[in-house]
Amino acid sequence: GAVAVGALVADAHNDSDVYVTAKNSKLNKDKANAATVIEAKKDNQVNAEIEGGAVGLVDGVGLSSTASDKGSANVTLDKNQIGGKKIEAKATAVPRVNAIVDNDAYGILAIQVSEATARAMTSTNLTVSDGNELFADNVLLESAVGTGNETTAKADVVSVNGSAIAASGST
């Protein structure tokens, strides 16, 4: 057509929490060769992807993509007797958040605005209160977000503009 105008928005959010609580428990207290593992793991992938475009003598396209993960993983140990060869208590979060925009505009006058925002704001909490008794050769207490060199938040914008007069903005 002579004039083509459009705006599209993609939003994806995860705010979930994971809780594991052991209170007044006796776990493998008399089993010297057993392993005791207590873990809360938040392992998510959140994607917001949008593609759009316009073709006309005069056209404008606005695309926005937002993805976020802001939940938590929580372990609480309160007044327990825990035994074994090895004891592990872990609160881990491995968020993978992707926001992607692909925006195309073609015309004599083409205006584009593209925005992609990815946020990984997860948290972990490991609470070991007074009164816990841990009987083991090895004890690992761990609270961590992310693993190794893994990308946890990624925002990409691809914008193609074919026109005699063009205006394009990306964030």
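Predicted model: local features only at pLDDT ≥ 70, side-chain atom pairs only at ≥ 80, totals over all residues.
Q: Why is Gly-60 called buried?
A: Gly-60 has 15% relative accessibility.

Q: Where is Gly-60, and how many Å separate its C-alpha atom from that of Gly-131?
A: Gly-60 sits in strand β5 (residues 58-69).

Q: How many helices and strands does the protein have?
A: Zero helices and 12 strands. Helices (H or I, at least four residues) and strands (E, at least two) are DSSP runs, numbered from the N terminus. Along the sequence the pattern is β-β-β-β-β-β-β-β-β-β-β-β.

Q: What radius of gyration does the protein have, and what would a compact globule of 171 residues have?
A: The protein has 25 Å, while such a globule would have a value near 16 Å. The radius is taken over C-alpha atoms, and the globule rule is 2.2 Å times the number of residues to the power 0.38. Along the principal axes, the C-alpha atoms fill a box of roughly 80 × 25 × 20 Å.

Q: What share of the 171 residues is buried?
A: Buried residues make up 37%.

Q: What share of the contacts with a separation of 6 or more joins residues 24 or more positions apart?
A: Such pairs account for 85% of them.

Q: What makes a set of residues a nonpolar core?
A: The members are buried Ala, Val, Leu, Ile, Met, Phe, Trp, Tyr and Cys residues joined through side-chain atoms within 4.5 Å. The largest such core here has 17 residues. Among those with the most contacts inside it are Ile-50, Val-61, Leu-63 and Val-101. β1 (3-14), β4 (35-55), β5 and β8 (86-120) each give two or more residues to this core. β8 gives the most, with seven residues. A second, separate core of 10 residues includes Ala-40, Ala-73, Leu-77 and Ile-82.

Q: Which residues is Leu-63 in contact with, leaving aside neighbours within four places in sequence?
A: Its partners include Leu-8, Ile-50, Val-101 and Val-113.

Q: Why is Thr-92 called buried?
A: Its relative accessible area is 9%, so the residue is buried. Thr-92 is found in strand β8. Beyond four places in sequence, its contacts include Ala-40, Ala-73, Thr-124 and Ala-144.

Q: Why is Lys-29 called partly exposed?
A: Lys-29 has 36% relative accessibility, so the residue counts as partly exposed. Lys-29 lies in the loop between β3 (26-27) and β4. Leaving aside neighbours within four places, Lys-29 is in contact with Gln-81, Gly-83 and Phe-135. Lys-29 and Asn-80 are 51 residues apart in sequence and 9.7 Å apart in space, C-alpha to C-alpha.

Conventions
Residues numbered from 1 in each chain as written. Heavy atoms only, no water. Buried < 20%, exposed > 50% of the residue type's maximum accessible area, 1.4 Å probe, protein only. Contact = heavy atoms within 4.5 Å.
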